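Reader: Hi! I am new to protein structures and would like to learn how to read one. Could we go through a few features together?

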Amino acid sequence: VLLSITEFLGHFHPLLVHLPIGFLLIGLLLQFLSRKEKYASLKPAIPIVLLCGTIAALASCITGYLLSISDDYDKTLVSWHMWMGIGVALVSLMLYAKEKNPAFAIDKRILSTSLLILVFVTGHLGGSLTHGSDYLSKPFKDIFSNDTLSTATIKPIANVQEAIAYSDVIKPILETKCYSCHNANKQKGGLRMDDSLKLMKGGKDGKIIEPGNADESEMIKRLLLPVDNEDHMPPKEKPQPTEQQIALLHWWISNNADFTKKVKELQQTDKLKPILLALQN
């Protein structure tokens, strides 16, 4: 019960985390504007905005910590994100104290600059946890890359029978449907799927793949559950695999979940052959 309450409170973190960013950036903007005489009337609002931002930052720190212990994320990245978040809360509190009491020892410009940097660093680390470490840089990679498609897009295969079954057929499905929750930075249920060894090892509930026995594999069982079932994977708010993609996963597992063989080396039913052929389009 305690774990359920902790997890419930932790899930408020994504809702709260944007509040301190908004409040504190507005507070810093008001500080900057109030230096000019025509905006001097904004000064009384600054402490109020900073106080709201500080309270929101503290609430975000608490819920973020609860989320980190009830879910599975990269520990190093979580640790950096947590301490940067705590830094945001502490510096915003000191800046509020400076606004209320100008005699406070630390220079206001140092506090303001530090807070601005901490907000951006903390936000970047949070984005890396949920969207991957290349979340900010990825659009630039796509712009300057020769390939205009996202690396997470399933691309046509020139000759499907000569393709490697796992890397060319199965991996793109996992990449587009599963990696967002089971990657190096975030391992929902202790499961990591972007690494072949860890994929076969499984997660907290054990193996998800039984080579040669797709019907008894937890991956297939969860894929086939009703979308509204809480054990269905991927979650209903995430992009769902098609029937053809599930059939391909079932086929690969039934063929002993081999990571090295070509498609032509694996048994293919008459029902599966047109599904494979469609991958060339």
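Author: Gladly! Let us begin with a term: a residue is buried under 20% relative accessible area, exposed over 50%, and partly exposed in between. Keep in mind that this is a predicted model.

Reader: Is Phe259 buried, exposed or partly exposed?

Author: Phe259 has 25% relative accessibility, so it counts as partly exposed. Trp252, at 1%, counts as buried.

Reader: How do I describe a pair of aromatic rings?

Author: You give the distance of the centres and the angle of the planes. Here, the ring centres of Trp252 and Phe259 are 5.3 Å apart and their planes lie at 85°, so this pair is edge-to-face. Ring pairs also bring Tyr166 into a cluster with Trp252 and Phe259.

Reader: Where do nonpolar side chains tend to be in soluble globular proteins?

Author: They tend to be buried together. In this model, the largest nonpolar core has 33 residues, and Leu174, Leu199 and Trp252 are among those with the most contacts inside it. Helices α8, α10, α11 and α12 each give two or more residues to this core. A second, separate core has 22 residues, including Leu30 and Val88.

Reader: What does Leu199 touch?

Author: Its contacts include Tyr166, Leu174, Met219, Trp252 and Phe259, leaving aside residues up to four places away in sequence.

Reader: Which residues of α3 are buried?

Author: They are Pro20, Leu24, Gly27, Leu28, Leu30 and Gln31. Looking down the axis of α3, you find its buried residues within an arc of 160°, so they line one face of the helix.

How values were computed: Residues numbered from 1 in each chain as written. Predicted model: local features only at pLDDT ≥ 70, side-chain atom pairs only at ≥ 80, totals over all residues. Heavy atoms only, no water. Core = buried A, V, L, I, M, F, W, Y, C linked by side-chain atoms within 4.5 Å. Buried < 20%, exposed > 50% of the residue type's maximum accessible area, 1.4 Å probe, protein only. Helix = DSSP H or I, 4+ residues; strand = E, 2+ residues; numbered from the N terminus. Contact = heavy atoms within 4.5 Å. Phe/Tyr/Trp six-rings, centres within 6.5 Å; stacked < 30°, edge-to-face > 60°. Arc of directions from axis to C-beta.
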